[in-house]
Amino acid sequence: MSDSAVTRTTSAARAATIVAFVVLVAAAAAPWWAGRADMRLMSELYLYLSLACLWNLMAGYAGLVSVGQQAFVGFGGYMLFALTIFGGLHPIAAIVLAGLLAACLSVPIASLIFRLKGAYFAIGTWVVAEVFRLSFAQISALGGGSGSSLPVSVVKSLAASRSGRESLTYWLALGAAIAVILSVYLFLRSRKGLALTAIRDSELAASGLGIDIWRAKLEVYVVTSALTAIIGGLIFLQKLRISPDAAFSVNDWTAFVIFIVVIGGIGTLEGPIIGTLIFFALRETLADFGTIYLMILGLVAIVIMLTTPKGVWGLIRDRLDLELFPLAYRVQLDETRK
Amino acid sequence: MSVLLSVTGLSKSFGAVVVADDTNFDVRTGEAVGILGPNGAGKTSLFHLITGALWPDTGRIEFAGRDITTMSAARRCNEGIARSFQVPQPFGGMTVFENALVGATHGAGLRGLAAETHALAVLNDTGLLSKSNIRAGSLTLLERKRLEMARALAARPRLLLLDEIAGGLTDAECEMLIETIKRVHAGGTTIIWIEHVVHALLAVVQRLIVIDFGKKIAEGDPRTIMESREIKDIYLGMDPHA
Ligand SMILES: Nc1ncnc2c1ncn2[C@@H]1O[C@H](COP(=O)(O)OP(=O)(O)O)[C@@H](O)[C@H]1O
Ligand SMILES: [Mg+2]
């Protein structure tokens, strides 16, 4: 036993790091090789990827199955508009501040909805999001129910030229996705991540082993809400227009995100990444079919949930014993004792 | 020896089902106490109450001189109470080693290499070391029960609560389990053990408590208790070696 060693890297993870690095360099250089429409699509993909990673951390690990994270997407978007238009802030500063405000706001919300269990919790999150939507629709200075556009002066403050702006918002989206994935990864690798993974598997056993479940969940809720608001700000920095229905859309910011996480593999880090790629592949190939696209999406989700409840990544992992993000501990046993 | 755990007037019921009925008992530091009683008597519920998985209707629980009655389960573990679950609750998606590591990290408060070394040590003690890299969800029932004990030991408890971990073992495995528990006990850990495998229990404990319908119906020296009428009534027709 004294010769047993514990490691956390795998050769698959090392290979994945190299691949990820190459992909990132190519992605970062997109303004030089990709067209305008492609960059917009990729930005959208990065932002969905971020939302999916965050929702997965919250629902897949902390067991907080929220159907109301559109509250924070919309909040972030509206804060971008409010803080730049009325506060005169630079858009990037406004988005960062939106994250901080969302963190503050999420604490009292948590103290309300954390009292609800299971389905009631989910319904509670949705009610909160509806309250957000109705409240922002009342603010006539932001266009009330019909919304408003980001003033030209604010847009210009990002960069003078259109291509400069497009590159900047693209890099912001890419940077946000990297930052989100990296922080979720580092968090899960930490002591708190070990606790959260234990909570994912059994709250009863986790609390019996000294883990403060309520606190762990609160921390996750606050951090994911703040980051979701930042992503929301970036989403509407791309769109340049906001309205209550777009900002607090349960379809766009929750249903699609849940689809991504569930088909990719909930409760794994790789799942949301694979899920995002599948979602965009489906969406781009089926876009011309109109509403049929939504029906096919639903069908795919149902088939995957019935056949592989752990999602596509769960299937791959179980078959190949793969782990791209080295979270697991591997014990190298001394052969003589085995 | 000082009193480590003191249970006073503890009552709990689920509607008409009484799982603890004005229960009183003390456990001294360093003792090993056995709990017997028929199925549904409220033994597991008693562990739930002591560890904070369940809250009592009335009564008081003191641990190491502190009132822990309203403490959260997590705090009670930090104070030094760990338990195994009769129905195993493994962290199914985590490896066996990671399960033990959770106990070492969050229960015992160890960090880094110290936590890893301690987790490996308890896996070695409980015979699970060779399973370290296996997902706990794919263990057999008997292995899961052993993992329950390993994880509790990883938390370095002062009081260890074991809930029916000897059932279904072969004689050799049972002997090994007895040796392990004796070693833990000799190391200074106070133990309360719920067990139907009476010969295993008697090999370890110095005192028995008998529970029926949530009520303590007998308590004292194991030999005397085993000869008593209460036990004979309860175990009539039941194979004590089952
Ligand atoms: N959460 C609960 N709700 C209702 N009844 C319960 C609950 N937990 C246990 N019981 C009942 O309490 C009784 C005692 O259960 P338990 O403590 O598990 O007994 P033992 O461990 O002695 O076999 C049983 O009749 C069981 O069905
Ligand atoms: Mg029981």
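In which handedness of crossing does α9(A) pass α3(B)? In this predicted model, for which local features need pLDDT of at least 70, side-chain atom pairs count only at pLDDT 80 or more, and totals for chains, interfaces and linings use all residues, α9(A) passes α3(B) in a left-handed crossing. A crossing is called left-handed if the near helix is turned anticlockwise from the far one by less than a right angle, and right-handed if clockwise. Residues are numbered from 1 along each chain as its sequence is written, while chains are lettered from A and ligands numbered from 1 in the order in which they are written. The model has an ipTM of 0.92 and a pTM of 0.89. For chain B, the average pLDDT (the predictor's confidence in each residue, from 0 to 100) is 92, and 96% of the residues score at least 70.

Helices (H or I, at least four residues) and strands (E, at least two) are DSSP runs, numbered from the N terminus. Between the chains, helix α9 of chain A (residues 191-201) packs against helix α3 of chain B (residues 96-107) at an angle of about 125°, and their axes are 10 Å apart. These axes are lines fitted to C-alpha atoms, for helices over the stretch in contact, and the angles run from 0 to 180 degrees between N-to-C directions. Angles under 35 degrees count as roughly parallel, over 145 as roughly antiparallel, 65 to 115 as roughly perpendicular and the rest as oblique; α9(A) and α3(B) are therefore oblique to each other. From α9(A), the residues Arg191(A), Leu194(A), Ala195(A) and Ala198(A) meet Leu101(B), Val102(B), Thr105(B) and His106(B) of α3(B), where contact requires the C-beta atoms of two residues, placed from the backbone, to lie within 7 Å. By class, five nonpolar, two polar and one charged residues make up the contact of α9(A) with α3(B); Ala, Val, Leu, Ile, Met, Phe, Trp, Tyr, Cys and Pro count as nonpolar, Asp, Glu, Lys and Arg as charged, and the others, Gly among them, as polar.

The contact between the chains as a whole takes 33 residues from chain B and 26 residues from chain A. On the side of chain B that touches chain A, at least two residues are supplied by each of α2 (73-79), α3 and α4 (112-125) of chain B, and the largest share, eight residues, comes from α3(B). That side of chain B comprises 14 nonpolar, 15 polar and four charged residues.

Within chain A, helix α4 (residues 70-85) and helix α5 (residues 91-113) pack at an angle of about 135°, with their axes 8 Å apart, and are therefore oblique to each other. The passage of α4(A) across α5(A) is a right-handed crossing. Residues of α4(A), including Phe72(A), Phe75(A) and Gly76(A), meet residues of α5(A), including Pro91(A), Ala94(A) and Ile95(A). The contact of α4(A) with α5(A) holds 12 nonpolar, two polar and no charged residues.

The crossing of α3(A) past α8(A) is left-handed. Among the residues that meet are Arg36(A), Met39(A) and Ser43(A) in α3(A), and Glu166(A), Thr169(A) and Tyr170(A) in α8(A). The contact of α3(A) with α8(A) divides into 15 nonpolar, three polar and two charged residues.

Several single residues were also examined. Val7(B), in strand β1 (residues 3-14) of chain B, counts as buried because 22 C-beta neighbours lie inside 10 Å; the class requires 20 or more other C-beta atoms within 10 Å of the residue's own, with exposed meaning 12 or fewer and partly exposed in between, and C-beta atoms are placed from the backbone. Leaving aside neighbours within four places in sequence, Val7(B) is in contact with Thr23(B), Asn24(B), Phe25(B) and Ile61(B). Although Val7(B) and Glu62(B) are 55 residues apart in sequence, their C-alpha atoms are 6.5 Å apart in space.

Positive phi values in residues other than glycine occur at Leu240(A), near 65°, and at Phe213(B), near 50°. Leu240(A) lies in the loop between α11 (213-239) and β3 (241-242) of chain A and is partly exposed, with 15 other C-beta atoms within 10 Å. Phe213(B) occupies the loop between β9 (207-212) and β10 (215-220) of chain B and counts as partly exposed with 15 C-beta neighbours inside 10 Å.
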